[in-house]
Amino acid sequence: ASMLYRDYSREEGDWIPNQHGGRENLEAIAFLRRVNAELYGWDPSILMIAEESTAWPGVSQPVHHGGLGFGFKWNMGWMNDSLRYVSESHEHRCYHHGQMTFGLLYAFSENFILPLSHDEVVHGKGSILARMPGDEWQRFANLRVYLGFMFAHPGKTLLFQGTEFGQRDEWNHEIELPWASLDYELHEGVRRLVRDLNGVVAAAPALYARDAEPGGFDWVDGGANEASVFSWLRHGPEGTAPILCLFNFTHIERAGWRFGVPLPGRWREVLNTDAASYGGSGRGNLGARETVPEPMHGKPHALEVTLPPLSAVFFQYDPF
């Protein structure tokens, strides 16, 4: 942003307008476009990522379409909103439901990366785990459901070192990471979860192939604010299995909840952040659920499931 705008972090009178009288830095814009066009022309497999915090349009759109030509842009709005939400107590999250749904209004306007970066664990902010409310078990469960939400959300995932095993203290560049934490089951459980989340995403095109396309995302129920429950479907290319993503952001188990799905038959539970191996309570759905012939949420079928406390649960359609 300090390159794109002549007045960025400057007081009135401390900057000179461009030749048209505006605040845009036309020379810097031309430079960024040239850099990206040259580099992507040389090797299309590179990653050029912009950390850009304003609403500048087309940061990750091609230069020949009027964009800046970056491959991806950090989604700072998602990061700020979601971290504020998970910092709320479980009882008050129902009043802040929109902080988790708002990002889906603009999620497909850019090729986004969801950043939990170095900036979020320094300068007195504490670690990501330290933001979580509740007792010891609940704090780790909160981190697990938040990571599940992040990996299922449209956009690529960016974690900073230490978050992948639930570092307790703020990052300190002068010392190594607290690797001894992995001797404790709750920290090791977070590490296992992040490993498995990466594995599930890599194996399921529905969770990555259409990140920047509105057709790759389908709300099931975004309005269950009183229960702090979110549900959506992710869709991959034609011929690949959809995934139902469910999230319970309270410490109360939701048993017998029904969610609309587009296809009848068996839906296999491919990930549950409440699994005992991750440090959870081990509640779940016995590996799979069969649909019932009941239209719900605008879908022709329904799946009746258990949502453990503070959990993310993914079901993949399994016709076999």
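Me: Which residue in β12 does Phe247 stand opposite?

Reply: In this predicted model, Phe247 stands opposite Ala312 in β12. That pair belongs to the antiparallel pairing of strand β7 (residues 243-248) with β12, which extends over 6 bridges.

Me: Which strand is joined to β12 by 5 bridges, and in what sense do the two run?

Reply: Strand β9 is joined to β12 (residues 311-317) by 5 bridges, and the two run antiparallel, with Asn272 standing opposite Val313 in β12. Strand β9 (residues 266-272) also pairs with β10 (residues 288-292), again in the antiparallel sense, over 3 bridges, and here Trp267 stands opposite Arg289 in β10.

Me: What is the order of the strands in the open sheet of 8 strands, and which strands stand at the edges?

Reply: The order is β5-β6-β7-β12-β9-β10-β11-β8, with antiparallel pairing. The edges are formed by β5 (217-224) and β8 (254-261), each of which has a single partner strand, so one side of each is left without a neighbour in the sheet. From one strand to the next the twist averages 25°. Helix α5 (residues 185-203) packs on this sheet, where it touches β9 and β12, and its direction makes about 140° with that of β9.

Me: How should I read the packing of helix α2 against helix α4, and at what angle do their axes cross?

Reply: Two packed helices are described by the angle between their axes and the distance between the axes. The axes of α2 (residues 76-87) and α4 (residues 136-152) come within 11 Å and cross at roughly 155°. Angles over 145 degrees count as roughly antiparallel, and therefore α2 is roughly antiparallel to α4. The crossing in which α2 passes α4 is right-handed.

Me: Which residues in α2 and α4 meet?

Reply: From α2 come Trp78, Ser82, Leu83 and Val86, which meet Tyr146, Phe149 and Met150 in α4. The residues of this contact divide into 6 nonpolar, 1 polar and no charged.

Notes:
Residues are numbered from 1 along each chain as its sequence is written. This is a predicted model: local features need pLDDT of at least 70, side-chain atom pairs count only at pLDDT 80 or more; totals for chains, interfaces and linings use all residues. Side-chain values use heavy atoms; hydrogens and water are left out. Two strands pair if DSSP finds at least two bridges between them. Helices (H or I, at least four residues) and strands (E, at least two) are DSSP runs, numbered from the N terminus. Axes are lines fitted to C-alpha atoms, for helices over the stretch in contact, and angles run from 0 to 180 degrees between N-to-C directions. Contact means heavy atoms within 4.5 Å. Angles under 35 degrees count as roughly parallel, over 145 as roughly antiparallel, 65 to 115 as roughly perpendicular and the rest as oblique. A crossing is left-handed if the near helix is turned anticlockwise from the far one by less than a right angle, and right-handed if clockwise. Ala, Val, Leu, Ile, Met, Phe, Trp, Tyr, Cys and Pro count as nonpolar, Asp, Glu, Lys and Arg as charged, and the others, Gly among them, as polar.
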